[in-house]
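Work through the exercises below with the structure in view. Try each task before reading its solution.

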Amino acid sequence: MRGYDSTSYGDGFADVYDEWYSDVTDVDATVSRMLTLTGAGGTVLELGVGTGRLAGPMAAAGLRVTGIDSSAAMLERIAAQPGGDSVVAIHGDMVRDLPDGPFDSCLVAYNTLFNLLDQAEQRECFRVVAARLPPGGCFVVEAIVPDPTAPAGGDVSVRSIAADRVVLSVSDHRPHDQRTTGQFVELTEAGGVRLRPWAIRWAPPEELDAMATDAGFTLEERFADMAGNPYDEAADHHVSVYRI
């Protein structure tokens with residue numbers, strides 16, 4: 001997508017992110033999972049922290065949370081979250097600008113790892129996270145399980161319709177290079193047209209496992225969701241816990 005960079009997604013979605021994506025991750029289950037893995041009062045680094053929809057509740061539960069995001073527009077919203085005023089927010093790239101740590105655990109939630117748009121960047125992310133965890137520290141990755149049968153090409157669908165607003169979803173799926181790009185096209189009676197771009201480079205769990213192994217991690221457990229439901233071949237999401 002021409003003109004798209006690491007800030008495009010966050011800047012495009014900051015004002016609607018909490019409204020549109022409040023249900024993509026079970027917040028209570030995520031907090032519980034990270035408390036169990038990190039330990040009460042432990043330190044968590046969240047990659048692509050966004051508006052703090054997870055970081056705030058983790059901090060409110062007693063974890064010491066540092067979050068990094070490339071979008072200043074997203075980071076500006078963290079303080080308004082419950083617990084958000086306790087989150088240390090860093091404006092930067094989640095590969096090149098990570099704080100030194102060490103941290104007891106690291107979380108990259110709901111496909112955020114796939115915002116890194118090539119395999120080398122994703123592989124480097126595992127490496128730099130490993131360098132910031134002590135022996136026994138864990139990296140929690142939440143992501144989709146890509147559908148190998150999804151057809152290549154473009155798609156246009158309706159996301160939502162209201163009396164004064166229509167949101168269309170336009171996407172282009174390219175299985176040969178594991179990329180999907182898209183735009184949410186928001187048409188409003190009062191405001192005209194608003195474009196909200198997104199792009200991901202997706203990878204199946206087996207590819208992520210190989211990246212983790214190369215960085216010194218071991219896959220400790222894998223669930224279908226943060227609540228710990230069993231992962232099997234029918235799962236369309238996974239939560240993978242890698243231990244260093």
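## Exercise 1: Aromatic pairs

The structure holds 13 aromatic pairs. Two rings of Phe, Tyr or Trp (its six-membered ring) pair if their centres lie within 6.5 Å; planes under 30 degrees apart count as stacked, over 60 as edge-to-face and the rest as tilted. This is a predicted model, in which local features need pLDDT of at least 70, side-chain atom pairs count only at pLDDT 80 or more, and totals for chains, interfaces and linings use all residues. Residues are numbered from 1 along each chain as its sequence is written, and side-chain values use heavy atoms, with hydrogens and water left out.

**Task.** Find what kind of aromatic pair F126 and F139 form, and which elements they lie in.

**Solution.** 
1. Take the geometry. The centres of F126 and F139 are 5.2 Å apart, with 70° between the planes. The pair is edge-to-face.
2. F126 lies in helix α6 (residues 119-130) and F139 in strand β5 (residues 138-144), so the pair ties together parts that are 13 residues apart in sequence. Helices (H or I, at least four residues) and strands (E, at least two) are DSSP runs, numbered from the N terminus.
3. Check the cover. Both F126 and F139 are buried. Buried means under 20% relative accessible area, exposed over 50%, partly exposed in between (1.4 Å probe, protein chains only).

**Task.** F126 and F217 also form an aromatic pair. How many residues apart in sequence are the parts it ties together?

**Solution.** 
1. This pair is edge-to-face, at 6.3 Å centre to centre and 75° between the planes.
2. F217 sits in the loop between α7 (205-214) and β10 (218-223), and F126 in helix α6, so the pair ties together parts that are 91 residues apart in sequence.
3. F217 is buried, as is F126.

## Exercise 2: A cluster and charges over rings

**Task.** Which residues form one aromatic cluster, and which charge lies over the face of Y21?

**Solution.** 
1. The cluster is made of Y9, F13, Y17, W20, Y21 and F184.
2. R159 lies over the face of Y21, 6.0 Å from the ring centre. A charge sits over a ring if NZ of Lys or CZ of Arg is within 6 Å of the ring centre and within 35 degrees of the ring normal.
3. Elsewhere, R33 lies over the face of F223, at 4.3 Å from the ring centre.

## Exercise 3: Salt bridges around R196

**Task.** Trace the salt bridges of R196 to D15 and to E186.

**Solution.** 
1. Begin with the count: 14 salt bridges. Each is a side-chain nitrogen of Lys or Arg within 4 Å of a carboxyl oxygen of Asp or Glu.
2. R196 bridges to D15, with the closest N and O atoms 2.7 Å apart. R196 is in strand β9 (residues 192-201) and D15 in the loop between α1 (8-13) and α2 (17-20), 181 residues apart.
3. D15 is partly exposed at 39%.
4. E186 also bridges to R196, at 2.8 Å between the closest N and O atoms. E186 in strand β8 and R196 in strand β9 are ten residues apart.
5. E186 is buried, with a relative accessible area of 8%.
6. Widen the view. Salt bridges that share partners join D15, E19, R165, E186, R194 and R196 into one network.
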